[in-house]
Amino acid sequence: MYQVKPICGDDIKVDLPTCMYRLPNVHAQPANSCTHEHALQNGDVLDPAIQALVARQDEIMRKLYDLKAVVDGLAKTVTTPDADMDLTVSDSLSCQSFTAFRGAADLDTLLGKDLGALRDIVINANPEQPPLTLLVLHNLLCQRYRVLSTIHVHSSVNSVPPQLLSCLGPRHPDSYARRLFQLGFTLIWKDVPKVQMKFSVQNMCPIEGEANVARFLFKLLAPYPADAALSTLVDSWVDMAFFQMAEGSAKERAAVLRALNSALGRSPWLAGQEVSLADMACYCCVLHSGSAPSAPANVQRWLKSCENLGHFGPAKVLLQ
């Protein structure tokens with residue numbers, strides 16, 4: 001190649017301006033030095049301030065993840081037809097065990113595959129006719145599952161007695177974290193002619209009537225008897241309790257009390273040697289009808305046996 005002589009010598013000094021910021025000469029650093037960008041690329045952050053910033057970012061991301069889980073859990077309740085709830089009153093959590101309904105239950109088998117949102121059982125009830133049987137079943141559900149219990153007041157109801165606003169227990173401090181619970185129990189005091197229950201809006205028709213809702217909830221605690229005759233006996237006592245004792249005439253109630261006295265003379269409980277839905281339904285209807293003081297001897301003994309179990313307490317408190 002052609003060689004060109006230098007135009008000027010290499011000993012010329014250039015006067016740099018003094019009004020600019022001075023930066024170190026990057027090219028003059030030693031070859032084995034590592035810049036800040038290289039340190040970040042290699043995962044070796046040396047600056048404590050950067051380490052604190054990274055830790056703060058991780059904490060923010062964790063809180064956002066928890067918030068997303070809460071919102072996903074609320075999505076199912078928001079999409080229900082009864083989302084126009086006016087007043088949230090109480091939440092409760094209980095995870096004790098009860099000997100009569102002990103054992104692990106697979107909610108995926110009983111209620112369908114969990115899609116990530118909290119399974120929420122929404123019940124509409126008229127405060128003038130509180131569903132006592134459902135309160136007893138709720139108490140048993142809380143002893144078997146981690147239940148998030150909530151009470152709301154619909155705009156169709158002007159006022160609700162204080163005891164109905166706290167019938168599901170006190171508010172639990174962790175009620176905001178829906179992911180900690182297995183089952184939701186939402187009770188809405190609403191002006192409805194009969195009890196209504198909605199569980200899966202997409203796949204299931206609403207269930208009406210306290211007896212039918214009680215059957216649904218009891219199956220979450222224990223299966224119906226395998227014996228067809230015994231299962232039919234339980235259903236007959238449930239129908240007799242709600243249609244004759246609760247809604248029938250004085251003559252019909254007297255006939256039910258005689259039938260109860262006769263059955264309880266042969267066995268301690270209405271469906272054999274263990275308490276069942278038949279006992280829960282008949283107990284609540286006898287108390288609600290005011291027939292307990294004049295009941296026969298076997299019925300009086302049976303009422304005391306029910307009260308000794310403990311989980312009938314919420315129903316009795318509302319009638320006092």
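This is a predicted model: local features need pLDDT of at least 70, side-chain atom pairs count only at pLDDT 80 or more; totals for chains, interfaces and linings use all residues.

Start at valine 122, which sits opposite lysine 198 in S5. Strand S5 covers residues 196–198, and three bridges join S2 to S5, the two running antiparallel. When I say two strands pair, I mean that DSSP finds at least two bridges between them.

Numbering runs from 1 along each chain as its sequence is written, and side-chain values use heavy atoms, with hydrogens and water left out.

Back to S2, residues 119–125, which also pairs with S4 in the parallel sense, over seven bridges. Isoleucine 121 stands opposite phenylalanine 185 in S4, and alanine 125 stands opposite tryptophan 189 in S4. Is S2 covered on its faces, or exposed? Covered: Arg119, Ile121, Ile123 and Ala125 on one side are buried, and so are Asp120, Val122 and Asn124 on the other. By buried I mean under 20% relative accessible area, with exposed being over 50% and partly exposed in between, using a 1.4 Å probe and protein chains only.

Now strand S4, residues 183–189. Seven of its seven residues are buried, so S4 is largely enclosed by the rest of the structure. One side carries Leu183, Phe185, Leu187 and Trp189, the other Gly184, Thr186 and Ile188.

S4 also pairs with S3, residues 147–154, again in the parallel sense and over seven bridges. The bridge partner of leucine 148 in S4 is glycine 184, and isoleucine 151 has leucine 187 as its partner there. For S3, eight of its eight residues are buried. Val147, Ser149, Ile151 and Val153 point one way, while Leu148, Thr150, His152 and His154 point the other way.

Let's zoom out. The chain has eleven helices and six strands. Buried residues make up 39% of its 320 residues. Take contact to mean heavy atoms within 4.5 Å. Among contacts with a separation of 6 or more, 78% are between residues 24 or more positions apart. The accessible surface is about 19,400 Å², and 56% of that belongs to carbon and sulfur atoms. Those areas come from Shrake-Rupley with a 1.4 Å probe, and for residues only the protein chains shown count as cover.

On to the inside. In soluble globular proteins, nonpolar side chains tend to be buried together. Here the largest nonpolar core has 72 residues, and Ile123, Leu217 and Trp302 touch the most other members. Helix H9, residues 277–289, supplies the largest share of this core, ten residues. A nonpolar core here is a set of buried Ala, Val, Leu, Ile, Met, Phe, Trp, Tyr and Cys residues joined through side-chain atoms within 4.5 Å. What does leucine 217 touch, leaving aside neighbours within four places in sequence? Its contacts are Ile121, Ile123, Leu134, Leu137, Leu141 and Phe185.

Of the 25 residues lining it, Gln129, Glu210, Phe242, Ala246 and Glu247 are the closest to its centre. H4 (132–144), H6 (210–218), H7 (228–245) and H9 each give two or more residues to the lining, and H9 gives the most, with four.

Two last residues. Alanine 222 is in the loop between H6 and H7, and it counts as buried because its relative accessibility is 15%. Glutamate 307, in helix H10 (residues 297–309), counts as partly exposed at 33%. Leaving aside neighbours within four places in sequence, glutamate 307 is in contact with Tyr283 and Lys316. That's my tour, thanks.

How values were computed
On a 1 Å grid over the protein atoms alone, a cavity is a set of points where a 1.4 Å probe fits but cannot get out, and a pocket is an open set with protein on both sides within 12 Å along at least five of seven lines; lining residues have an atom within 4 Å of a point.
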